[in-house]
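Please look over the sequence and the structure shown here before reading on.

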Amino acid sequence: MTERLIDRYDGVLADLDGVVYTGPRAIRGATKALAKLAGEGKSLAYVTNNASRSSEQVAAHLRELGAPAGAEQVFGSALAGAELLAGQVAAGSAVLVVGSETLADAVRAQGLVVVRTADDRPDAVIQGFSPGLGWKDLAEAAYAVAAGAVWVATNTDMSLPQERGIAPGNGTLVAAVAAATAKSPSVAGKPGAALFETAARHSDIDRPIVVGDRLDTDILGGNRAGMATALVLTGVDSVHTALAARVDERPDYLIGSLEELYEQYPAVTFDGISYSCGGAVASATDSTVTISGSEDDLDNWRAACAAWAVHPEVTPAAAPEVSFTTAR
């Protein structure tokens, strides 16, 4: 019997934006692929840096889109951020919350007191994404951080996939405060390993595969947690960025969609000169990757990534040039 990619693992840890949906719409085939997991005897958990909605709100949205989801399957950065902050300040400390009411509730649940202005002299600032945030909110955060408040960011995603395109994420707002104060926050969510480890543990997943669309959060975080990682090409990152990825952000697998979890993943082999994947062949020099095959065939990029990673402990200073030759 042919082994499919999913057969190697007992559960999936899936990102949301760019993996399950983009803006208000489900990505084609994604919810069907996720719904199929239960029948395969596989567990499913969602690991998201979103700190603006509660686990139940996220789960309800997923169910509306047709994906299987309960609140117990959703692991977000609001809780992670509140827990991280609680470990750095005393119980009852005043915390300026720059973010959603969900984040504020998570902070209150840790026995901390939520305030809304730097004039309240908060002991700490916690910053998470909310689409309603504006300059005045960032200014309050900057005033408090500059005055010495402990600073925690739920996540530092620089971009956020939306139906109309790629929009600024929480990382851009955090960067604004950092630029104004010359300080840096502690970061709770991805690309740290904790969210993935917590999700796997609570979901009883022993052999997880992390599926995400971002190298700098999903793949890096999964790698740091020692888990298998798959970059799905339905969101932010592409075959080009995967090829040029830093060593610690390189995924184990490249897949075009979640549906490919149920397909055989082609082996990549090395003959001493070049790397092969399916009918694709790739080789690399110090600055160029040469591929024999078609640019729109994913196997070519799988072979190319393997060829470029010839020095696995060294991240090249620049992305390679890519040269396609006539397929054999």
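What follows is a report on a predicted model, arranged by region.

## A buried lysine and its partners

Lys 190 is found in the loop that runs between strand 12 (186-187) and helix 7 (194-202). With a relative accessible area of 1%, Lys 190 is buried, because residues under 20% are counted in that way. The side chain of Lys 190 has polar contacts with two aspartates: one of 2.8 Å joins it to the side chain of Asp 15, and another of 2.6 Å joins it to the side chain of Asp 218.

When neighbours within four places in sequence are left aside, the residues in contact with Lys 190 are Asp 15, Val 47, Thr 48, Asn 49, Leu 195, Phe 196, Thr 217 and Asp 218.

Beyond its neighbours within four places in sequence, Leu 195 is in contact with Val 47, Thr 48, Asn 49, Phe 75, Gly 76, Ser 77, Ala 80, Gly 189 and Lys 190. Between the C-alpha atoms of Leu 195 and Gly 18, which are 177 residues apart along the chain, the separation is 18 Å.

## Helix 8, an enclosed helix

Asp 218, one of the polar partners of Lys 190, is among the buried residues of helix 8, together with Leu 215, Thr 217, Ile 219, Leu 220, Gly 221 and Gly 222. Because seven of the ten residues of helix 8 (residues 215-224) are buried, this helix is largely enclosed by the rest of the structure.

The buried residues of helix 8 are covered by elements that include helix 7, strand 13 (208-212), strand 14 (228-232) and helix 9 (239-243). After helix 8 comes Gly 226, whose phi is positive, near 75°.

## The largest pocket and helix 4

The largest pocket holds about 420 Å³ of space. It is lined by 25 residues, of which Gly 76, Ser 77, Ala 78, Leu 79 and Ala 80 are the closest to its centre. Two or more lining residues come from each of helix 2 (55-65), strand 5 (74-75), helix 3 (77-86), helix 4 (101-108) and helix 7, and helix 3 gives the most, with six residues. Gly 76, Ser 77 and Ala 80 are also among the residues in contact with Leu 195.

In helix 4, one of the elements that line this pocket, the buried residues are Thr 102, Leu 103, Ala 104, Ala 106 and Val 107. What covers them includes helix 2, helix 3, strand 6 (94-98), strand 7 (113-115) and strand 8 (124-127).

## Aromatic pairs

The count of aromatic pairs comes to four. In one of them, the rings of Tyr 253 and Tyr 265 have centres 4.8 Å apart and planes at 75°, so the pair is edge-to-face. Tyr 253 lies in strand 15 (residues 253-255) and Tyr 265 in the loop between strand 15 and strand 16 (268-270), so the pair ties together parts that are twelve residues apart in sequence. Tyr 253 and Tyr 265 are both buried.

Trp 301 and Phe 324 form another edge-to-face pair, at 5.6 Å centre to centre and with 65° between the planes. This pair links distant parts of the chain, since Trp 301 is in helix 10 (residues 298-308) and Phe 324 is in strand 20 (residues 321-325), 23 residues apart. Tyr 9, Tyr 253 and Tyr 265 form one aromatic cluster, and at another ring, that of Tyr 262, the charged end of Lys 36 sits over the ring, 4.4 Å from its centre.

## The surroundings of Trp 301

Leaving aside neighbours within four places in sequence, Trp 301 is in contact with Val 239, His 240, Leu 243, Leu 254, Glu 295, Val 322 and Phe 324. With Glu 295 there is also a polar approach, in which the backbone oxygen of Glu 295 lies 2.8 Å from a polar atom of the side chain of Trp 301. The C-alpha atoms of Trp 301 and Val 113, 188 residues apart along the chain, are separated by 51 Å.

Note on methods
Residues are numbered from 1 along each chain as its sequence is written. This is a predicted model: local features need pLDDT of at least 70, side-chain atom pairs count only at pLDDT 80 or more; totals for chains, interfaces and linings use all residues. Side-chain values use heavy atoms; hydrogens and water are left out. Helices (H or I, at least four residues) and strands (E, at least two) are DSSP runs, numbered from the N terminus. Buried means under 20% relative accessible area, exposed over 50%, partly exposed in between (1.4 Å probe, protein chains only). A polar contact is a pair of N or O atoms within 3.5 Å; within protein, one must be able to donate a hydrogen and the other to accept it, and residues adjacent in sequence count only if both atoms are side-chain atoms. Contact means heavy atoms within 4.5 Å. Rings of Phe, Tyr and Trp (its six-membered ring) pair if their centres lie within 6.5 Å; planes under 30 degrees apart count as stacked, over 60 as edge-to-face and the rest as tilted. A charge sits over a ring if NZ of Lys or CZ of Arg is within 6 Å of the ring centre and within 35 degrees of the ring normal. On a 1 Å grid over the protein atoms alone, a cavity is a set of points where a 1.4 Å probe fits but cannot get out, and a pocket is an open set with protein on both sides within 12 Å along at least five of seven lines; lining residues have an atom within 4 Å of a point. Grid points are joined across faces, edges and corners, and a volume is the space filled by probe spheres set on the points.
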